[in-house]
Amino acid sequence: SYTVIMLPLMLCVCLITCLTIGVSEDANVNVANILEANTIHTRNKQGSQAALGESSTGNVGSRDNVKMIPITEYFAELYSDHYYSNNSTAFKLPGNASFYTDLGVKFYLRSFGNTPLYAYYHAAPTSDQFLTVKKSVEKKKIGYGFQGILGYCLRLHPKKAHSGLQPLYRYWSVVLTDHYYTTSFDELGNGTDIYVLQGIECYVFTSPELSSDD
């Protein structure tokens, strides 16, 4: 009778032990999987944050290799078109380059900064280049193609005096369908019969010398 009683008890103990071991192994596997998944997620998150930090600055270089970019003004009398170039491939003279006259360096932009000066161009017969510190959706809608970033300027003039900065005035001629930019207010003043003053686009540099006080 003792054997009859103990046999079922031993079977129950064995069954409970097996189930306990099985659950423990499954639990350990699940915990290991969760820890591994969390580790991978943390690494991915850190990697994403690092990538975001590098790409969210809006700069194409660093302060260590910043350069001053001379901006040359060209004019094509045939098109009544003023054209501004940093003489890179993206800003080569449009159409027949022989129609354009080199008017020399008019101002300088930086290769690094927080305020890009974007350039858009409308091909002939309109032949007009538009410079702006805003990415202009409106200009793209009416036929202006995006050229790229001409360089970097300052959106606002620093509070302290800075002899190397000048406002870049923007003028527009509906008659000639031409945007004109100059750092000299005395040139066209508040506008003429042909050109209307649209305001100050940004502040640019008048010297190739680097300055760190802005």
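Reader: Which pattern does the protein follow when read along the sequence?

Author: Happy to start there: in this predicted model, the order of elements is α-β-β-β-β-β-α-β-β-β-α-β. In total there are three helices and nine strands.

Reader: How do I read the contacts between residues at least 6 apart in sequence?

Author: Look at how many of them join residues at least 24 apart; here that share is 64%.

Reader: Where is Pro 158 found, and is Pro 158 buried or exposed?

Author: Pro 158 sits in the loop between β6 (145-153) and β7 (165-173). Buried means under 20% relative accessible area; Pro 158 has 19%, so Pro 158 counts as buried. For the protein as a whole, buried residues make up 34% of the 214 residues.

Reader: Let's turn to a charged residue. Which side chain of opposite charge is nearest to Asp 178?

Author: That is Lys 139, 11 Å away. A salt bridge needs a side-chain nitrogen of Lys or Arg within 4 Å of a carboxyl oxygen, and Asp 178, although buried, has no salt bridge. In the fold, Asp 178 belongs to strand β8 (residues 178-182).

Reader: Which side chains make a polar contact with the side chain of Asp 178?

Author: His 82 does, at 2.6 Å, and the side chain of Tyr 195 is joined to that of Asp 178 by a polar contact of 2.6 Å. Beyond its close sequence neighbours (up to four places away), Asp 178 also touches other residues, including Ser 80, Asp 128 and Trp 172.

Notes:
Residues numbered from 1 in each chain as written. Predicted model: local features only at pLDDT ≥ 70, side-chain atom pairs only at ≥ 80, totals over all residues. Heavy atoms only, no water. Helix = DSSP H or I, 4+ residues; strand = E, 2+ residues; numbered from the N terminus. Buried < 20%, exposed > 50% of the residue type's maximum accessible area, 1.4 Å probe, protein only. Lys, Arg positive; Asp, Glu negative; His and termini not counted. Polar contact = N/O pair within 3.5 Å; in protein donor to acceptor, adjacent residues only side chain to side chain. Contact = heavy atoms within 4.5 Å.
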